[in-house]
Amino acid sequence: MAKEKSLMDVIVALAKRRGFVMPTSEIYGGIGSSYDYGPLGIELKRKLADLWWRDMVRSRENIVGIDSAIIYHPRTWEASGHVDGFVDPLVDCRQCKSRFKEDDLLEHAAKAKGIETPPIKENGLHLDPDSPEYAKLPCPNCGNRGTLTPPRAFNLMFKTFIGPVEEGASSVFLRPETAQGIYTDYPQVLNSTRLRPPFGIAQIGKAFRNEITPGNFIFRTREFEQMEMQYFIVPGTEDETIEFWKEERMRFWRETCGIREENLRFHTHGPDELAHYAKSAFDIEYQFPFGWSEFEGIHNRTDYDLKRHAEYSGKEKDLMYFDDQTRERYLPFIVETSAGLNRALLAILLDAYHEDEVDGNTRVVLKLDPKLAPYTAAILPLTKKDGLPEKARELFNSLKHEFNVFYDESGNIGRRYRRQDEAGTPFCFTVDHQTLEDGTVTIRDRDTLDQPDRPKMEQVINLLRDKVYA
Ligand code: ATP
């Protein structure tokens with residue numbers, strides 16, 4: 001590994017160079033922490049989302065999917081508690097005009113030993129601005145003390161307007177999570193299906209948060225995608241449900257996506273870490289270069305959300321589940337699994353990055369699981385002559401309806417292999433002169449560099465099926 005550079009810098013550079021992830025609107029200088037997914041990145045992102053959908057929705061009889069609008073009725077956010085509760089306390093430095101999240105200020109102060117113990121959280125704020133500890137806090141930027149303003153609550157939701165003129169138009173929010181669309185759709189889903197608790201509703205979609213300190217590449221951005229599943233359960237079954245989903249979700253990241261076990265762990269939320277809606281919460285964390293951090297949360301949201309929507313909509317009866325066997329009517333409890341698609345993609349890229357020595361040269365290789373690799377295979381005619389491209393295209397055409405395969409006939413074969421290594425392509429099939437004689441091709445394995453027996457061209461599709469649908 002190029003030690004002089006951090007792994008994060010290496011990944012950011014590779015992502016841009018090879019078209020995984022790149023800054024948005026770059027010709028205008030970009031816009032802070034907004035990224036676009038390039039030709040390889042969109043394939044990886046789609047495959048990850050599809051795998052999640054296959055694992056969470058298609059392979060389970062009691063989970064269905066939806067795709068709700070991004071702009072919901074504004075009452076949704078009053079009911080959910082986001083209008084009042086989705087806030088980050090902010091502090092300004094009067095001296096250098098920098099702005100900080102109160103959390104970051106505390107962390108900085110604790111690290112610099114500026115304060116002995118973090119002050120107790122009060123009224124949603126950690127710091128009491130009238131306390132002597134507060135006056136002693138240094139500004140993380142200029143280091144001055146006594147220059148910080150009292151914390152102010154800042155709502156993280158993006159507000160916008162429906163209607164042609166701002167005045168008089170109704171204000172709405174871009175959703176900060178996909179979960180609420182599931183809760184408000186749940187009575188309609190129930191009417192169109194025959195689901196009974198426990199059952200789940202899943203969705204993948206964009207969410208927006210006006211983050212004060214976005215950063216670490218695509219780890220924290222203001223616009224991102226969530227893969228969420230809300231599981232509606234009989235009250236009293238939360239604990240076993242949480243255990244079930246903790247196991248399922250960890251299995252998905254380890255076994256289905258191939259993230260290394262040593263880089264994954266659970267973190268249990270302490271009472272002061274819990275979101276306003278949650279009774280218990282567990283994070284799945286990845287060991288990012290900047291430290292262990294969450295990329296999926298598993299939360300016991302109790303009946304908080306449905307209760308609030310019942311109250312704010314006046315539709316309590318619609319939101320209750322009627323059990324026709326016990327003749328009971330009740331509000332289901334909810335356990336959610338909430339993963340960030342972009343954050344998980346970052347974890348997968350970091351985890352896949354390897355450097356090794358091949359023929360005295362450093363080789364960069366992304367050891368992506370074949371299920372996730374943007375290209376499942378590359379088809380390479382050894383030369384551009386002697387009918388080899390025609391034969392290679394034949395192979396390409398036999399695979400293209402089922403797999404994303406890459407055709408490349410330019411440059412020397414070693415260089416073509418290297419490009420595929422960097423893209424994470426698990427298999428390269430080379431069409432050479434022997435192909436013309438016996439219809440076989442070489443297969444090169446990205447990770448082992450082995451070139452085992454030559455398969456027949458018509459066997460290649462089954463070979464890929466075995467790897468990808470395993
Ligand atoms: P954090 O503490 O990092 O802000 P959170 O606890 O607020 O995250 P949740 O509300 O539980 O996150 O959202 C579920 C998932 O959505 C997170 O695990 C993460 O993967 C993703 N996510 C949340 N905020 C962002 C963001 N700003 N950028 C990218 N992904 C995000």
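**View 1. The surroundings of Arg301.** Arg301 touches Glu177, Ala179, Gln180, Tyr183, Gln230, Tyr277, Ile334 and Glu336, leaving out residues up to four places away in sequence. Contact here means heavy atoms within 4.5 Å. This is a predicted model: local features need pLDDT of at least 70, side-chain atom pairs count only at pLDDT 80 or more, and totals for chains, interfaces and linings use all residues. Residues are numbered from 1 along each chain as its sequence is written, and side-chain values use heavy atoms, with hydrogens and water left out. Arg301 sits in strand S13. Helices (H or I, at least four residues) and strands (E, at least two) are DSSP runs, numbered from the N terminus. Is Arg301 buried or exposed? Arg301 counts as buried, at 0% relative accessibility. Buried means under 20% relative accessible area, exposed over 50%, and partly exposed in between (1.4 Å probe, protein chains only). The side chain of Arg301 makes a polar contact of 3.1 Å with that of Tyr183. Another polar contact, of 3.0 Å, joins the side chains of Arg301 and Asp305. A polar contact is a pair of N or O atoms within 3.5 Å; within protein, one must be able to donate a hydrogen and the other to accept it, and residues adjacent in sequence count only if both atoms are side-chain atoms.

**View 2. The shell around the ligand.** The ligand is surrounded by 14 residues. The closest are Arg209, Glu211, Arg220, Thr221 and Glu294. A residue is near a molecule if one of its heavy atoms lies within 4 Å of it. The shell divides into 3 nonpolar, 5 polar and 6 charged residues. Ala, Val, Leu, Ile, Met, Phe, Trp, Tyr, Cys and Pro count as nonpolar, Asp, Glu, Lys and Arg as charged, and the others, Gly among them, as polar. Strands S10 (223–233), S13 (291–302) and S16 (333–340) each supply at least two residues of the shell. Which strand gives the most? S13 does, with 4 residues.

**View 3. Atom pairs at the ligand.** A ligand nitrogen atom is 2.8 Å from an N or O atom in the side chain of Glu211. A ligand oxygen atom is 2.7 Å from an N or O atom in the side chain of Arg220. Gly340 takes part through its backbone: one of its backbone N or O atoms lies 3.0 Å from an oxygen atom of the ligand. The protein covers 84% of the 590 Å² of accessible area that the ligand has on its own. Accessible areas come from the Shrake-Rupley method with a 1.4 Å probe; for residues, only the protein chains shown count as cover.

**View 4. Phe266 in strand S11.** Strand S11 (residues 264–268) holds Phe266. Phe266 is partly exposed, with a relative accessible area of 32%. Leaving aside neighbours within four places in sequence, Phe266 is in contact with Lys246, Met250, Asp283, Ile284 and Ile298. How far is Phe266 from Leu40, 226 residues apart along the chain? Their C-alpha atoms are separated by 30 Å.

**View 5. Helix H13 and its two ends.** H13 covers residues 413–423. Its buried residues are Arg416, Tyr417, Gln420, Asp421, Glu422 and Ala423. At the start of H13, a side-chain oxygen of Asn412 reaches to within 2.9 Å of the backbone nitrogen of Gly414. Gly424 follows H13 and has a positive phi, near 85°.

**View 6. Backbone exceptions.** Most residues other than glycine have a negative phi, and most peptide bonds are trans. Phe217 has a positive phi, near 60°. Phe217 lies in the loop between S9 and S10 and is buried, with a relative accessible area of 7%. Thr302, in strand S13, also has a positive phi, of about 50°. Thr302 counts as buried at 12% relative accessibility. A cis peptide bond joins Pro197 and Pro198, with omega about 0°. Pro198 is found in the loop between helix H7 (179–192) and strand S9 (199–208).

View 7. The domain assignment gives domain 1 (4–79 + 165–349), domain 2 (87–155) and domain 3 (375–469). Such bounds come from an automatic or database domain assignment. The C-alpha centres of domain 1 and domain 2 lie 30 Å apart. Their contact takes 4 residues from domain 1 and 6 residues from domain 2.
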